[in-house]
Amino acid sequence: MGSKTDELYFVFMNFDPEYERLRADRTKQGAYELDVYLSNKHDQLLASTLEPGTYNKRFSLVIVDGFAVEISDDQANMLRSAKGVRVVDKNQELA
């Protein structure tokens, strides 16, 4: 059984041609559309995989298709098997 304590995890997604297309648009409007697209995509993944109210998405990453979320070890394991997810990694603080 995993830990019940929530910790920060980074989730990175598989190749997405729409992300690549939007990322290539260097205009202000293109940057806005990319932000909205990624935020919605990541929110939908979390909503379809985890119970509402059991996680806290901190932010989406634009430079890579990924996001940071506070979840339990069990939830991290669930995300690892979700469609479209490449890597789920616990945040490692350096001393």
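Residues are numbered from 1 along each chain as its sequence is written, and side-chain values use heavy atoms, with hydrogens and water left out. In this predicted model, local features require pLDDT of at least 70 and side-chain atom pairs count only at pLDDT 80 or more, whereas totals for chains, interfaces and linings use all residues.

The chain contains three helices and four strands, where helices (H or I, at least four residues) and strands (E, at least two) are DSSP runs numbered from the N terminus. The order of these elements from the N terminus is β-α-α-β-β-α-β. For 95 residues, a compact globule would have a radius of gyration near 12 Å, and the value of 14 Å for the chain agrees with this; the radius is taken over C-alpha atoms, and the globule rule is 2.2 Å times the number of residues to the power 0.38. Along the principal axes, the C-alpha atoms fill a box of roughly 45 × 35 × 20 Å.

Of the 95 residues, 34% are buried (buried, under 20% relative accessible area; exposed, over 50%; partly exposed, in between; 1.4 Å probe, protein chains only). The accessible surface amounts to about 6200 Å², and carbon and sulfur atoms account for 53% of it; areas were computed by the Shrake-Rupley method with a 1.4 Å probe, and for residues only the protein chains shown count as cover. Among contacts (heavy atoms within 4.5 Å) between residues at least 6 apart in sequence, 65% join residues at least 24 apart.

One aromatic pair is present in the structure. The ring centres of F10 and F59 lie 6.4 Å apart with their planes at 55°, so the pair is tilted. Rings of Phe, Tyr and Trp (its six-membered ring) pair if their centres lie within 6.5 Å; planes under 30 degrees apart count as stacked, over 60 as edge-to-face and the rest as tilted. Because F10 belongs to strand 1 (residues 7–13) and F59 to strand 2 (residues 56–61), the pair ties together parts that are 49 residues apart in sequence. F59 has 35% relative accessibility and therefore counts as partly exposed.

Strand 1 also includes F12, which is partly exposed at 22% relative accessibility. Leaving aside neighbours within four places in sequence, F12 is in contact with L61, V64, D65, G66, V85, R86 and V87. The C-alpha atoms of F12 and K90 are 12 Å apart in space, with the two residues separated by 78 residues in sequence.
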